[in-house]
Amino acid sequence: MVSYEDLVVSILAASLPLTMPMLYASIGEVYAERSGVLNMGIEGVMSLSAFVSLWTTFSTGSYLYGLLAGMAVGAAMGALHAFATVRIGVNQLIAGLMIYFLALSMGDFGYVIVTKTTYLHVRPISPVQIPALSNLPVVGPILFSQNVLVYGSFLLAIFLGLVLYRTTWGLKIRAVGENPEAADSAGINVNLVRNLCVILGGTLAGLAGASLVLGYLGLYATGDTLVAGRGWIAIVVVIFARWSPYKAIAGAWLFGLGYSVAAVFIGAGIFSSLGPGSGYFLLAIPYIVAIIFMLVFHRGTKSPSSLTVPYKRK
Amino acid sequence: MRQPSLGRYVSYPLGIVASLAIFSVILLAFGYNPITSMEGLVSGSFGTTFLTSETIFLMGPLLLAALAFLVAFRARFYNIGVEGQLYIGALFGYLAAAQLGGFPGVVAIPLMLLAAAAGGTLWLALPLFMRIKLQVNEIFPTLVMNFIALDVVNWVTAGPLKNPLSGNLQTPPLPESTWLPVLVKSTQFNVGILIALAAALVIYFVLYRTVLGYEIRASGASPRAAQSGGVDVSRSILAVGLMSGALAGLAGIVVVAGVDHVLAQNFSPGYGYQGIAVAALGSFQPLGIVVASVLYAALTIGGESLQQGAAAIPIELIYALQAIIVLSVLIVQKWVGDRTSRGR
């Protein structure tokens, strides 16, 4: 017999690690989109970096090297997207989808090659039990016994929110996305800002993949069954969050909660009485919430004006 | 409309050559022989009658999915939801076919195709409504609907429609009268590819030989100019939305009724997304994507053969090659295009 309190606590406690990868990826995408570039490749980049960081940590025994390797490969994919879309001016949507295919298949290829000889897995980073606080009832297991990557995702969102809204850099980024011509006449190098933002977005997508594998799952799976839509959801979170890193925390958590409810309910067998296969309904909940959100709040969701429009100096 | 210059045509093979060069370097880096690998791709996709039929079969769903993306793209409506529409189309087609067992194929098959097209369109209806009436960008609603569609099909194939006699998560077989007729005995060469080719011709005709097509292209080239020139952009978007969803539904049913003969969980390896790659590779021209779908299908089937051959190259590397080809072609084409159209 599962008590309802235990159920709620385990759902909430599980929701934060599930929020983490989507949060990292979405705050990166906020920066890319704020500068005017859509990157639909995140899902694939997360998958590739998940493999790379898993393999690195498995071979070196170091979580830090794994994280750095995942971020490096994410930055490289970001640079490729920036080259194609900002430098050359290829359609951002199409280029991003190709990056998705490319990164996903490279990660899968690497995994297939490596696992010919070894079973690739690591123990996920252990939670930090914050002294005293982690023993509190209810909030202890939810808020004060998560791993460092979970805390990092929330802190990074706040930090990048501050940068975006409170610094000259952030102002430049927003100017480039809203009105590139004006930004250019004010002496801002539009395409440089965009390149950097897209590379930052790629780096954080890399961190997202690394955190998923090192901070949560500890293994890899091919055919996009590992990231399993979290990268796409990160792009939806950006809209949820109306291009704000702060609000991305709430947006990503909403989806994290959806995943968590689904996982815990399926685990507890709560929906098995509704007939076989009905658990899939629960998996659809986050997506249905996303659609309803877009229906209800469509008036407030205005994207940066120059999103998807390449900039050419006159 | 700007005339494509000679440079744009030359740039196309240039992009392919560039991507093959990149791919050869990758092959060498991993210790494979590029020349025998490329030979293996060709012989693995067209080497025998059966392999050729597999390649031609695969063209069907790819071409239909690419057309679905393309027709909407031409009015600047980005339908990323082809994958989901394809699944719901297949589900509707299956539900219709299951009721049509008593009818001969000439009656049952067209009805099944119609149901599939309706299912695909239905799944696009909400994003289409949101775009036209609420001005919500369609990229995200169409994308999100993919995951819901997948969960719907996962549910029915595990629950209400599951074949109790099968260990797999799939429905019972379709009535035989609704199977797409096979054109060459004991191969996968069936009517599906003819449906796809006919659809390509129809879309070509609609886009380039009708007033509606002109309005669609005008809406896509510059919505504001089209609107002030008297074109109803919303009407163009509605038209392409209906066509796009229908084509996506057909892409699903040609697989289910053509080869699988059951509706199975995850029966599509991502045809809806691959269609976008094919559409880009075909320069967003209906006839261009016919050629692009041959190339893409041949790479996939050739890649599958290569996986089993002496070289044993994992298929994932071929998937990477497909992305490299499309990306290279787009980059080279855009680069050359910008330089040859300058100063005119």
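In this predicted model, the contact between the two chains draws 38 residues from chain A and 35 residues from chain B. On the chain B side, four helices each supply at least two residues: α5 (105-134), α6 (139-158), α11 (271-281) and α13 (315-340). Of the elements on this side, α13(B) gives the most, with 13 residues. The side of chain B that touches chain A is made up of 28 nonpolar, four polar and three charged residues.

Within chain A, helix α7 (residues 168-178) packs against helix α9 (residues 190-217), with axes that come within 10 Å. The axes cross at roughly 110°. Angles of 65 to 115 degrees count as roughly perpendicular, so α7(A) is roughly perpendicular to α9(A). From α7(A), the contact involves A:Lys172, A:Ile173 and A:Val176. Their partners in α9(A) are A:Val190, A:Val193, A:Arg194 and A:Cys197. By class, this contact has five nonpolar and two charged residues, and no polar ones.

The largest nonpolar core has 225 residues. Inside this core, B:Leu67 and B:Leu250 have the most contacts. Helix α3 (residues 49-73) of chain B is the element that gives the most to the core, with 17 residues. In soluble globular proteins, nonpolar side chains tend to be buried together.

The surroundings of B:Leu250 were examined beyond its neighbours within four places in sequence.

How values were computed:
Residues numbered from 1 in each chain as written. Chains lettered and ligands numbered in written order. Predicted model: local features only at pLDDT ≥ 70, side-chain atom pairs only at ≥ 80, totals over all residues. Contact = placed C-beta atoms within 7 Å. Nonpolar A, V, L, I, M, F, W, Y, C, P; charged D, E, K, R; others polar. Axes fitted to C-alpha atoms, helices over the stretch in contact; angles between N-to-C directions. Parallel < 35°, antiparallel > 145°, perpendicular 65-115°, else oblique. Core = buried A, V, L, I, M, F, W, Y, C linked by C-beta atoms within 7 Å. Buried ≥ 20, exposed ≤ 12 C-beta atoms within 10 Å, placed from the backbone.
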